[in-house]
Protein chains: 2
Amino acid sequence: VTSSWDELESLLRDLADFGQALALMSWDQAVSMPPKGGAARARAGATLEAEYHRRLTSPRIGELLADLEGDSKLDEMQTANLRVLKRDYDKATKVPEDLVKAIAEETSIAYQVWIEARPASDFTMFKPHMEKIVSLKKQYADAVGWEKDRYDALMDDFEPSLTAAEVAPLFDQLVQDLVPISEKVFGALGETPPFLSQSYDTATQIEFCQWLVKQLGFDTEGGILEESPHPFTMHVAAGDVRQTTRAQADQLTGSIYAAIHETGHALYDQGLPEKWIGLPAGRAVSLGIHESQSRMWENQVGRSRPFSEWMLPHLKERFTTELGMLTPDEFYRGVNHPERTLIRVEADELTYNLHVVLRFEIELGIYRDELAVDDLPDAWDQKMEKYLGIRPPDHKDGVLQDMHWAIGHHGYFPTYTLGTLNAAAFYKKANEELGDLSDEFRRGETSRLLEWLRENIHKHGYRYEAKELTQKILGHPLSPEPFLDYIKSKYGELYGVSF
Amino acid sequence: VTSSWDELESLLRDLADFGQALALMSWDQAVSMPPKGGAARARAGATLEAEYHRRLTSPRIGELLADLEGDSKLDEMQTANLRVLKRDYDKATKVPEDLVKAIAEETSIAYQVWIEARPASDFTMFKPHMEKIVSLKKQYADAVGWEKDRYDALMDDFEPSLTAAEVAPLFDQLVQDLVPISEKVFGALGETPPFLSQSYDTATQIEFCQWLVKQLGFDTEGGILEESPHPFTMHVAAGDVRQTTRAQADQLTGSIYAAIHETGHALYDQGLPEKWIGLPAGRAVSLGIHESQSRMWENQVGRSRPFSEWMLPHLKERFTTELGMLTPDEFYRGVNHPERTLIRVEADELTYNLHVVLRFEIELGIYRDELAVDDLPDAWDQKMEKYLGIRPPDHKDGVLQDMHWAIGHHGYFPTYTLGTLNAAAFYKKANEELGDLSDEFRRGETSRLLEWLRENIHKHGYRYEAKELTQKILGHPLSPEPFLDYIKSKYGELYGVSF
């Protein structure tokens, strides 16, 4: 270990302290901040972001990176830190500060416009802002640099080094198989089970979720669960991982499965290598790997028959009058009841990825200059009809439904489906190595699975890039088969259809 | 307005953004942070404090202060900003960074030791840390500079420009009158009303407090009330004022009066001049003025007969079985039932200030080198006997009871009693100008009083120093008479005694 390393580590730990403050500010804004605090918070966020950027791009970091390049005294995690830092540093120094500021300002305006445009279903109101963001994001991609697709430079912010050329064939195969599968399932579907839309006390829902996430292994000495309208997880610092769930009286399973989903994220964050948290290699690999954890806990675990059987009596304790007569089979069917919905965030396991592929294709079209922002609504509605067999009656529940485009998260959507595919592939592998987990799940025991994830994924932090990690775990690259097999087997059994 | 001013304002607004982040981190630590997040939070706090200090003491600030000195184009608030900033800047630049760091480190250690020493009632464990802090604080006072008393330099951090020579005679007179008054009252005192120690659902207590603080004018669009074991108020930013109350099943009036007290602080913060919040002249004048607001709302308003009469039926709505039979007179007597307690934070209006004077005299003795840290326990116990007629059976509820000394808040205690004296004097003045407020309070209406406070105190921010403000409002300097008159009249009537 050289003294250059010590100096670099100390600069990076200071940098992480500003990251911690920013994470906390963002958590607080979503969970606690009173509305009138918004303007001052926006200003403070920008000031701290600027300080963060100033420190990350300081010439001294560049010098130390150069000093340490190829230093043979560094261990594997130190080298990983340099690899990740170099990418962060190069990106941050390549993008002109004016452009960073222009994107921050325009997305902040666009978000406010979107807040108004969506309920009014008014795409023309949002259009000029979307055009401006696309133009700025193109400049951003060009500043960062790209090879085959400009879009690759955008995806790189969320799923490093992933390319459209890799995603497109995966997603094509997925759509090709998923569309006929989902049509068959919808053809065989019965009524929506009434317990799904009954009314349940929201405070009790939250109390149940608090209890449930602890059962799943969430460490409440090092984390909290609170309520917010849009569930999310925030890794504030070492020993401080926060998650939220939402609670609505008529959506009991909504709060529960949001909590299990976020717990998947939170368990990953709590399993990262403590020594390195705050440093580049101490973070999670990518959004696609992060989402594999949340999806696996939500679906492969939470929506499995044995786990749902274990959960039901604990729910009945709290909702005796509402759920007293429900059978385990009815409950299992209920939490796996798919619906043709226009809204991505309400979509089920079966159709969720169709919503994602639609967005990916549209984004790619835009950044390949094959599609104009003007064409978005039509493209959206046509693909919706093609993939899901339904047509949005308005833009509110169509092209304007997500905040991602307004806040500049272009190239983000594909990570949701990558997460789904990773989840199924990792889960299959875990089952091969651990044997059938059903009996344990039926007793609410998920610790062997968690241990496997800790060992194979969490404890490595960002030692490996996503593709390398996937290859290490699976022995081959990611493919959609495990997910498609899982869906076919589960929905085939549930609705008595064969594919 | 000159361009130097614009540059200075911009630097100060950036500085305030770091202040906002630090305030939020501190709020979060008390209210939300999971225990394992403590170490990372301490590090981040120190890093942001250092950045804050670096920016406040930057040579450019010094140059701009010099440029703007005596600038006749500046308005009154701009000039006030320069006055306050100059003091902040001079102090921050006079104290060597090593000393700042040593104090931060030693108080952080001492606090951890105190956490253990208090329950163990072990003063010898705490003693070496207290000695070290006193020695560091003496160096601090010498670095900042002082005239008559070294202690003045410490008080200045909480109550700018106040001197021991001013405080001592005020407190002497107070003790001289309060001791015989309280002895008479305790002689005439009946049983403790049983409703004070019954059990009340804590969630309902919090819900009542949430409702109550809104009635008092707390703007919940620009603030929140949460629960924490030690109630406090935090002015995070413009439009973001936060308060907490505590809730224990057997202390119904504890949660209510803590909430009213903190609302007094919060109303002041919410009434500060919006344009200047974050800048030196946009903050509250001093702790003694701040505490005048909290004490006035808690005692002159909240513990008055008419206001307590208004509150009771609203409490009965929530606690019908527990309070159904309580009469307004019993309730009023209950919330004004004094007790000879060893613990300052549990003390009532009558005896609270005796606890404070004791601490002031001990602190002054230490910083005048008339008292050694070794002598603290004896000095404490003797004064306790002299002023309150009781002797602590151990150090836990004696000399070790407060965290102030451990965290380096030496010179802080006097502001509590200054607040009490200010509250009584301001309230008397408000009544002279507004007429009797009893009828309004009996209807739960406190808006005319709030308006008066806004106009006379809140809206000025830090335009005036404390003594100047007091003089402006009262027409003469602060004296203990209004408080003593208030106590004599209230307790005389309550317990049928004359003084």
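Contact here means heavy atoms within 4.5 Å. By that rule A:His290 touches A:His265, A:Tyr268, A:Asp269 and A:Ala284, not counting residues up to four places away in sequence. This is a predicted model, in which local features need pLDDT of at least 70 and side-chain atom pairs count only at pLDDT 80 or more, while totals for chains, interfaces and linings use all residues. Residues are numbered from 1 along each chain as its sequence is written, chains are lettered from A and ligands numbered from 1 in the order in which they are written, and side-chain values use heavy atoms, with hydrogens and water left out.

**Chain A as a whole**

- Chain A has 21 helices and 3 strands; helices (H or I, at least four residues) and strands (E, at least two) are DSSP runs, numbered from the N terminus.
- The radius of gyration of chain A is 23 Å, which agrees with the value near 23 Å for a compact globule of 499 residues. The radius is taken over C-alpha atoms, and the globule rule is 2.2 Å times the number of residues to the power 0.38.
- Along the principal axes, the C-alpha atoms of chain A fill a box of roughly 65 × 50 × 50 Å.
- Of the 499 residues in chain A, 59% are buried. Buried means under 20% relative accessible area, exposed over 50%, and partly exposed in between (1.4 Å probe, protein chains only).
- Of the contacts in chain A between residues at least 6 apart in sequence, 75% join residues at least 24 apart.

**The interface of chain B and chain A**

- The size of an interface is often given as the accessible area lost when the parts come together.
- Chain B and chain A bury about 2900 Å² between them, with 54% of it on carbon and sulfur atoms. Buried area is the accessible area (1.4 Å probe) that two parts lose on being put together, summed over both.
- Chain B gives 38 residues to the contact, and chain A gives 38 residues.
- Between chain B and chain A there are 12 salt bridges; a salt bridge is a side-chain nitrogen of Lys or Arg within 4 Å of a carboxyl oxygen of Asp or Glu.
- One salt bridge joins B:Arg43 and A:Asp14, whose closest N and O atoms are 3.1 Å apart.
- On the side of chain B that touches chain A, the elements giving two or more residues are helix H1 (3-31), helix H2 (38-56), strand E1 (223-227), strand E2 (233-237) and strand E3 (240-245) of chain B.
- H1(B) gives the most to that side, with 10 residues.
- By class, that side of chain B has 14 nonpolar, 9 polar and 15 charged residues. Ala, Val, Leu, Ile, Met, Phe, Trp, Tyr, Cys and Pro count as nonpolar, Asp, Glu, Lys and Arg as charged, and the others, Gly among them, as polar.

**Salt bridges**

- Over all chains, the structure holds 92 salt bridges.
- A:Glu309 forms a salt bridge with A:Arg442, the closest N and O atoms being 3.3 Å apart. The pair links distant parts of the chain, 133 residues apart: A:Glu309 is in helix H12 (residues 305-318) and A:Arg442 in helix H18 (residues 438-442) of chain A.
- A:Glu309 is partly exposed at 27% relative accessible area, and A:Arg442 is partly exposed at 39%.
- A:Glu349 and A:Lys490 meet through their side chains in a salt bridge of 2.8 Å, N to O. A:Glu349 lies in the loop between helix H14 (328-335) and helix H15 (352-367) of chain A and A:Lys490 in helix H21 (residues 481-495), so the pair ties together parts 141 residues apart in sequence.
- A:Glu349 is buried at 8% relative accessible area, and A:Lys490 is buried at 7%.
- A salt bridge of 3.0 Å, N to O, joins the side chains of B:Glu9 and B:Arg13. These residues are 4 apart in helix H1 of chain B, and are therefore separated by about one helical turn.
- A network of salt bridges links A:Glu51, A:Arg54, A:Arg55, B:Glu51, B:Arg54 and B:Arg55.

**Two single residues**

- A:His290 lies in helix H11 (residues 287-302) of chain A and is buried at 12% relative accessibility.
- The side chains of A:His290 and A:His265 are joined by a polar contact of 2.9 Å.
- B:Glu385 is in helix H16 (residues 376-388) of chain B and is partly exposed, with a relative accessible area of 39%.
- Leaving aside neighbours within four places in sequence, B:Glu385 is in contact with B:Ile390 and B:Arg391.

Key: Polar contact = N/O pair within 3.5 Å; in protein donor to acceptor, adjacent residues only side chain to side chain.
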